[in-house]
Amino acid sequence: MSRLAIQCRAVEKSYGSGGERVRALRGLDLDARYGELLMIAGPSGCGKTTLLSIVCGILQADKGEVDLLGTRLSTLGDRALTAFRSTRVGFIFQQFNLIPTLTARENVAMPLVLNGHPYSTAQKQAAAMLDRLGLKDRANHFPAQLSGGQQQRVAISRALVHNPQLVICDEPTSALDAASGLATMRLLREAALALDRCVVVVTHDSRIFDFADRIVSMEDGEVTSIRGQSAATPIKP
Ligand SMILES: Nc1ncnc2c1ncn2[C@@H]1O[C@H](COP(=O)(O)OP(=O)(O)O)[C@@H](O)[C@H]1O
Ligand SMILES: [Mg+2]
């Protein structure tokens, strides 16, 4: 069992071919430890979303290896990979990605329902998670009836409701004003992080850098620097 939540080694990924070929990742190494909130920063187009997609097995690397929560992703078949992702990982995106025709509670319950939990249990757990994130009185509202910050809190609730060991966030604060962005990060640290857990946040929002234990900077498909020392000690999960 790896002592790292994420270990990427020499990961390469290109899109297209011939003259159109874009080298999105150029032999990238990345470690994320248990107990830390790791940020990945860098300009638009440097490969951050590609990296996240490969880390969680949505995209396959052309070369290199990814170990996620102690499992080498290349050893899993499609079904096992989907099951692994839907039970062990939570996702938060810039645009919240809530289903507009479902209430906040129904949105949050969705990952549990998809993982085969009975509907009533899923609804109860979803309500409890919304309560924990301060949205008890918004559980029956539809996304359009909520502010951006509230919608992102619903999205965080949905990402955490199945108790994932890894939470992956792609630009989670870019669509929010400064105060909502800071509140979102505070909540994320409090609710998602523990000694046996890891949170990875891709961002180019320098306002939220203070919430990171370490910041990995990327440029043009490569890691260019790593800042900060995590207070967290890597431990066996
Ligand atoms: N599906 C795709 N097809 C072709 N090129 C892509 C695709 N996705 C991303 N790219 C290219 O790969 C590079 C990295 O993109 P991306 O990982 O989205 O960067 P970031 O998230 O840092 O903005 C960019 O040059 C982008 O244009
Ligand atoms: Mg991106």
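Residues are numbered from 1 along each chain as its sequence is written, while chains are lettered from A and ligands numbered from 1 in the order in which they are written. Since the model is predicted, local features need pLDDT of at least 70 and side-chain atom pairs count only at pLDDT 80 or more, whereas totals for chains, interfaces and linings use all residues.

The predictor's confidence in each residue is given as pLDDT, on a scale from 0 to 100. Its mean over the protein is 92, with 95% of the residues at 70 or more. Residues 231–237 are a stretch in which pLDDT stays under 50. For that stretch the model has 22 contacts beyond four places in sequence, a contact being two residues whose C-beta atoms, placed from the backbone, lie within 7 Å.

Two strands count as paired if DSSP finds at least two bridges between them. Strand β4 (residues 63–68) is joined to β5 in the antiparallel sense over 2 bridges, and D67 stands opposite R72 in β5. The loop between β4 and β5 holds L69. L69 is not a glycine, yet its phi is positive, at about 50°. L69 counts as buried because it has 21 C-beta neighbours inside 10 Å; the cut-offs are 20 or more other C-beta atoms within 10 Å for buried, 12 or fewer for exposed, and in between for partly exposed, with C-beta atoms placed from the backbone.

Strand β7 (residues 166–170) has 5 of its 5 residues buried. In a regular strand the side chains alternate between the two faces of the sheet. In β7 both faces are covered, with L166, I168 and D170 buried on one side and V167 and C169 on the other. Strand β6 (residues 89–93) pairs with β7 in the parallel sense over 5 bridges, and G90 stands opposite V167. Strand β8 (residues 198–203) also pairs with β7 in the parallel sense over 5 bridges; here V202 is the bridge partner of D170. With helix α6 (residues 178–192), β7 and β8 make a right-handed β-α-β unit, meaning that, with the strands pointing away from the viewer, the path from the first strand over the helix to the second runs clockwise.

The loop between β6 and α3 contains F96. F96 has a positive phi of about 65° although it is not a glycine, and F96 is buried because 21 C-beta neighbours lie inside 10 Å. In helix α3 (residues 104–114), the buried residues are A104, R105, N107, V108, A109, P111 and L112. Their cover includes α2 (78–88), α4 (119–132) and α5 (148–160). Just after α3, G116 takes a positive phi of about 90°.

Towards the end of the chain, R227 is found in strand β10, and G228 lies in the segment after β10 (222–227). R227 counts as exposed because it has 12 C-beta neighbours inside 10 Å. G228 is partly exposed, with 14 other C-beta atoms within 10 Å. Leaving aside neighbours within four places in sequence, R227 is in contact with R214 and I215. On the same terms, G228 touches A212, D213, R214 and I215. G228 and I215 are 13 residues apart in sequence and 6.6 Å apart in space, C-alpha to C-alpha.

Methods: Helix = DSSP H or I, 4+ residues; strand = E, 2+ residues; numbered from the N terminus.
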